[in-house]
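Look at the sequence and the model side by side. Keep both in view as you read.

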Amino acid sequence: MSYYKEATMNQLYLILFTFIGNVHGSVPHTHTGKFEGYSPSQLLAQHLDAQAEQVLEKGGVHKHYLDGDHSNRFVMIQNVNAPPNAVLKQIVDYNNYSKKVPQTLESEIYGTNRNDKKEIFFARLKCGMRGFSTQFFIKSEYHKNHNSVVWRLDYDHLSDIDEACGCWRAEPHPSSPNEKTRLYCSVDMSLGSRVPRFVASFITKKAVRDAVAWVKKQSEKTAQNVF
């Protein structure tokens, strides 16, 4: 990481710490949900044009805004040189986020549940650097039949951020379905009324782009070790 990027991230965490502060997760959140969550069967992008396909095939990231009632939400799309099951395994490996996800200081799964259709993970994540951190609690659902993971805050615990929900979708790549993945990631987040909107928007976009980057890196690393 360059000095400029590291300084920028430090400044962002300082802003978050100043506006939000730290809270304790042993009490319920301040509300039980403000955003409509993502559907596990939701197609985050119905059609990609030739320009988008060209960007993806060259290893780039394509940004696409959702249609309909959630046109304010965007999705980052990237090809991954690993099969979908390997990609999804990385996404739900919450116990090890602190070992492989940049700026994640602590991570742990504090509850699980499963049935024939989905696996549910309750996880605590603490992100930050150099003395500044933000802690939040999530409920994540892994839907194998849809190659998707949808998540939102666990409202039984008080998180530092006001509201958040997200969706991962790992589709088989159109031309190499057994070896590659087309990865989609979308997040909707509110950091609270005290955080300036432009700061919140920048942090959300960077968080999604960084998330896609680390999942791609770890998935491809694992796939190389397997094959």
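Tyr94, Tyr97, Phe121 and Trp214 form one aromatic cluster. Here rings of Phe, Tyr and Trp (its six-membered ring) pair if their centres lie within 6.5 Å. Planes under 30 degrees apart count as stacked, over 60 as edge-to-face, and the rest as tilted. The structure holds six aromatic pairs. One of them joins Tyr110 and Phe122. Their ring centres are 6.1 Å apart and their planes meet at 40 degrees, so this pair is tilted. Tyr110 belongs to strand β3 (residues 104-114) and Phe122 to strand β4 (residues 119-129), so the pair ties together parts that are 12 residues apart in sequence.

Before going on, note how the model is read. This is a predicted model, in which local features need pLDDT of at least 70 and side-chain atom pairs count only at pLDDT 80 or more, while totals for chains, interfaces and linings use all residues. Residues are numbered from 1 along each chain as its sequence is written, and side-chain values use heavy atoms, with hydrogens and water left out.

Now step back to the whole chain. The protein has five helices and eight strands. Helices (H or I, at least four residues) and strands (E, at least two) are DSSP runs, numbered from the N terminus. From that end, the order is α-α-β-β-α-α-β-β-β-β-β-β-α. Of the 227 residues, 48% are buried. Buried means under 20% relative accessible area, exposed means over 50%, and partly exposed lies in between (1.4 Å probe, protein chains only). Tyr110, at 31%, is partly exposed. Phe122, at 22%, is partly exposed too.

Which residues of helix α3 (residues 84-91) are buried? They are Pro84, Ala86, Val87, Leu88, Gln90 and Ile91. Leu88 leads on to another residue, Tyr142. The C-alpha atoms of Leu88 and Tyr142 are 8.3 Å apart, yet 54 residues separate the two along the chain. Tyr142 lies in strand β5 (residues 132-143). It is buried, with a relative accessible area of 11%. A contact means heavy atoms within 4.5 Å. Leaving out residues up to four places away in sequence, Tyr142 touches Leu88, Val92, Lys117, Lys118, Glu119, Phe121, Ser148 and Val149. Across the protein, among contacts between residues at least 6 apart in sequence, 56% join residues at least 24 apart.

Turn next to strand β8 (181-190). Eight of its 10 residues are buried. Two strands pair if DSSP finds at least two bridges between them. Strand β2 (residues 74-80) pairs with β8 in the antiparallel sense over six bridges. In this strand, Cys185 stands opposite Met76. Strand β7 (residues 163-172) also pairs with β8 in the antiparallel sense, over 10 bridges. Thr181 in β8 is the bridge partner of Pro172.

A pocket is an open set of points on a 1 Å grid where a 1.4 Å probe fits, with protein on both sides within 12 Å along at least five of seven lines; lining residues have an atom within 4 Å of a point. Of its 17 lining residues, the closest to the centre are Asp188, Met189, Ala200, Ser201 and Thr204.
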